[in-house]
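These are my notebook entries on one protein model.

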Amino acid sequence: MNCVWLIISEPGSRIHLIFNDFDVEPQFDYLTVKDDGISDLPPLGTFSGNEVPSQLASSGHIVRLEFQSDHSTTGRGFNITYTTFGQNECHDPGIPINGRRFGDRFLLGSSVSFHCDDGFVKTQGSESITCIMQDGNVVWNKYTCFCLPAPCGGHLTSSSGVILPPGWPGYYKDSLNCEWVIEARPGHSIKITFDRFQTEVNYDTLEVRDGPANSSPLIGEYHGTQAPQFLISTGNYMYLLFTTDNSRSSVGFLIHYENSCLDPGIPVNGHRHGNNFNIRSTVTFSCDPGYTLSDEEPLICERNHQWNHALPSCDALCGGYIHGKSGTVLSPGFPDFYPNSLNCTWTIEVSHGKGKNLI
Ligand SMILES: [Ca+2]
């Protein structure tokens, strides 16, 4: 067989090819990719076998793909996607699966960065790439990274993170024996929260222990859909062991761990003072001029990894006492509509001998 495809884009643009799959008989069957319409250029590549070629970019706006197969032995063939891009532009670098991209400008000089989702780790490639000129070509200086699930087990020392079984977000694998030790700083406890839990009943089990080793006191053994909402360690270690038998699997679990309180947020029309969310730390709040804080008590991160009360709000109240050289008076509920049937009185007090200007 001899097949030819021409990809023709707007004059002045270029074509980027990504090989998603490639499998043809080595040596005898092959695919040739060429810049078309530009004479004297060697082919962009000739490919055979089952190694998936890396991505390619054309010099011109027409690409010619020629596939040649002989009379015997075949394979899956290939799956190629293409995008087009301008002369002073790099190709769309894509978004890693299980990750995010920051930045959507691909012009010469632009940079984009990548971030893997919680529970996934960066492999190969780079977290940040820049579109540069190299030997007369406009290209990314590095490859886009890949995000792969974190390995089965490990020693986790960051202040928060996610634990996932191998295979996530698909079903977990058979015959696993994954051991995680979470370590917080001395004096801190660890809280794990089960956001999702489903394993094969009786046979695929998550064991949680209150300490650093498999000899530490057992907190619980969980399987099926029976898992608590959260667990808290007494010391600064927690031990998790996930074992699966050799048949039937399920989605597994998504467990968050943290050794501090979660970000309490910032009230609308207000500010937070303090960015330390560790156990026993305190944060306070203040409001923009004209607003009153609903609760002056500071928030304290308690040992159960919860703040001692809810985030206060900043409210525009009906009436009040205002003191000082300058200030702001807001109608109740501002900037929302004020309620009906109001009668609000504000007392404004300034130093003796001074009048008041209401602007
Ligand atoms: Ca199983």
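Predicted model: local features only at pLDDT ≥ 70, side-chain atom pairs only at ≥ 80, totals over all residues.

**Entry 1: the cis peptide bonds.** I began with Pro-169, which I found in the loop between β15 and β16. The peptide bond that joins Trp-168 and Pro-169 is cis, with omega at about 5°. I then looked up Pro-335, which lies in the loop between β28 (320-323) and β29 (346-349). Here the bond from Phe-334 to Pro-335 is also cis, and omega is near 5°. I noted both cases because most peptide bonds are trans.

**Entry 2: positive phi angles.** Most residues other than glycine have a negative phi. I looked up two residues with a positive value. Gln-124 is not a glycine, yet its phi is near 50°. I located Gln-124 in the loop between β10 (120-123) and β11 (128-134). His-305, likewise not a glycine, has a positive phi of about 65°. His-305 sits in the loop between β26 (299-300) and β27 (314-315).

Is Gln-124 buried or exposed? I found 10 C-beta neighbours inside 10 Å, so Gln-124 counts as exposed. Is His-305 buried or exposed? His-305 has 21 other C-beta atoms within 10 Å and is therefore buried. The cut-offs I used were 20 or more such atoms for a buried residue and 12 or fewer for an exposed one.

**Entry 3: overall form.** How does the radius of gyration of the protein stand against that of a compact globule of 359 residues? The globule would be near 21 Å, but the protein has 31 Å. The C-alpha trace spans about 100 × 65 × 40 Å along its principal axes. Of the 359 residues, 22% count as buried. I also looked at contacts between residues at least 6 apart in sequence: 61% of them join residues at least 24 apart.

**Entry 4: the domains.** I wrote down the division of the protein as domain 1 (2-86), domain 2 (99-149), domain 3 (154-258), domain 4 (260-313) and domain 5 (316-359). Taken over C-alpha atoms, the centres of domain 2 and domain 4 are separated by 37 Å.

**Entry 5: a sheet of four strands.** I traced an open sheet whose strands follow the order β15-β22-β17-β20, with antiparallel pairing. Which strands stand at its edges? They are β15 (160-163) and β20 (230-232); each has a single partner strand, so one side of each is left without a neighbour in the sheet. Neighbouring strands of this sheet are turned by 20° against each other on average, direction ignored. I reminded myself that strands of a sheet pair through backbone hydrogen bonds.

**Entry 6: the nonpolar cores.** Which members of the largest nonpolar core touch the most other members? Among its 30 residues, they are Met-238 and Leu-240. The elements that give two or more residues to this core are β9 (111-116), β16 (177-183), β17 (191-198), β18 (205-209), β19 (218-222), β21 (237-243) and β22. Domain 2 and domain 3 each supply at least three residues to this core. Leaving out residues up to four places away in sequence, I listed the contacts of Met-238 as Ile-182, Ile-190, Ile-192, Val-208, Asp-210 and Ser-233. A second, separate core has eight residues, including Leu-31, Val-33, Leu-44 and Phe-47.

Entry 7: I found Ser-111 in strand β9. Ser-111 has 15 other C-beta atoms within 10 Å and is therefore partly exposed. Residues up to four places away aside, Ser-111 touches Gly-103, Ser-128, Ile-129 and Thr-130. Ser-247 lies 136 residues from Ser-111 along the chain, and their C-alpha atoms are separated by 46 Å.

Gly-187 is in the loop between β16 and β17. I counted 11 C-beta neighbours inside 10 Å, so Gly-187 counts as exposed. Gly-187 and Ile-279 are 92 residues apart in sequence, and from C-alpha to C-alpha they are 9.0 Å apart in space.

How values were computed:
Residues numbered from 1 in each chain as written. Pairing = 2+ DSSP bridges. Axes fitted to C-alpha atoms, helices over the stretch in contact; angles between N-to-C directions. Core = buried A, V, L, I, M, F, W, Y, C linked by C-beta atoms within 7 Å. Domains from an automatic or database assignment. Contact = placed C-beta atoms within 7 Å. Rg over C-alpha atoms; globule rule 2.2 N^0.38 Å.
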